[in-house]
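This briefing concerns helix packing and nonpolar cores. Please examine the sequence and the structure shown below before reading the points that follow.

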Amino acid sequence: MLFRSTERTRISVLAVPMAAFTVALYVGNALAPTLIEDAPLALLVLSPKLRWLFLTAPSVDAIWYFTIPLVRAVAFLTTYYLLGLWFGDRALRWAESRSGRGLAPLLWIERKFHRARVPVTALFPGNITAMLAGSDRMPASLFFGTALASVAVRITIVRVLADVFERPLGGVLDWISDYQLLLTIGTVTAVVLWAAWSGRRGVGPEESP
């Protein structure tokens, strides 16, 4: 009975942030055309995807540009690391059942992880790798050090590219500003349709911070 109570508590502890990350991802992607101009920091909190990092680079100070995605990555990766640590193989089978057409890459990562934990973590610092790290009892310091270093490198590359392509990027941002309402309607519609489809298929969004 005590074991079952502890397991239920752990599920409850993890379910809240997992649901929050999923909702935030959907909201950020849906409202991105508006948030890029009006609230870029909010967009980085909700959905720090590489494309949004690229488009928000000109309007966000460097300290916030790095801090927000890295802090969010710590919270996100901790949630899935604990999922793997506490539930082991069951967590991995759950992820497989929700991966739909993404099953093949997930299985490839799972097969390679134990033999090459650091390279795999550096290449794929996302929720699946975090679960595998927890399940494999990879030291937390090694996993988070590798994953966060990888995330920081990616953010740096995007920031540099945004500076290099400052002029064409400015043109893209002007175009988004001119058609902000129409683009937002389009992205909201697309996200709602995707959420409905993935909900029927039981497929959850795969996220890499």
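Which residues does M131 touch, not counting residues up to four places away in sequence? In this predicted model, M131 touches Y80, L83, G84, A91, L92, W94 and A95. The points below set these contacts in the context of a helix pair and of the nonpolar cores.

**Packing of α4 and α8**

- Helix α4 spans residues 62–87 and helix α8 spans residues 127–135; their axes come within 6 Å and cross at roughly 45 degrees.
- The two helices, α4 and α8, are therefore oblique to each other.
- The crossing in which α4 passes α8 is right-handed.
- On the α4 side, the contact is made by F76, L77, Y80, Y81, L83, G84 and L85.
- On the α8 side, the contributing residues are N127, A130, M131, A133, G134 and S135.
- By class, the residues of the contact of α4 with α8 comprise nine nonpolar, four polar and no charged.

**Nonpolar cores**

- The largest nonpolar core holds 24 residues, of which L77, Y80, L83, M131 and F143 touch the most other members.
- Two or more residues of this core come from each of α1 (2–38), α4, α5 (89–98), α6 (103–113), α8 and α9 (140–164).
- The element that gives the most to this core is α4, with six residues.
- Another core, of 18 residues, lies apart from the largest one and includes L35, W52, L53 and I68.

Methods
Residues are numbered from 1 along each chain as its sequence is written. This is a predicted model: local features need pLDDT of at least 70, side-chain atom pairs count only at pLDDT 80 or more; totals for chains, interfaces and linings use all residues. Side-chain values use heavy atoms; hydrogens and water are left out. Axes are lines fitted to C-alpha atoms, for helices over the stretch in contact, and angles run from 0 to 180 degrees between N-to-C directions. Helices (H or I, at least four residues) and strands (E, at least two) are DSSP runs, numbered from the N terminus. Angles under 35 degrees count as roughly parallel, over 145 as roughly antiparallel, 65 to 115 as roughly perpendicular and the rest as oblique. A crossing is left-handed if the near helix is turned anticlockwise from the far one by less than a right angle, and right-handed if clockwise. Contact means heavy atoms within 4.5 Å. Ala, Val, Leu, Ile, Met, Phe, Trp, Tyr, Cys and Pro count as nonpolar, Asp, Glu, Lys and Arg as charged, and the others, Gly among them, as polar. A nonpolar core is a set of buried Ala, Val, Leu, Ile, Met, Phe, Trp, Tyr and Cys residues joined through side-chain atoms within 4.5 Å. Buried means under 20% relative accessible area, exposed over 50%, partly exposed in between (1.4 Å probe, protein chains only).
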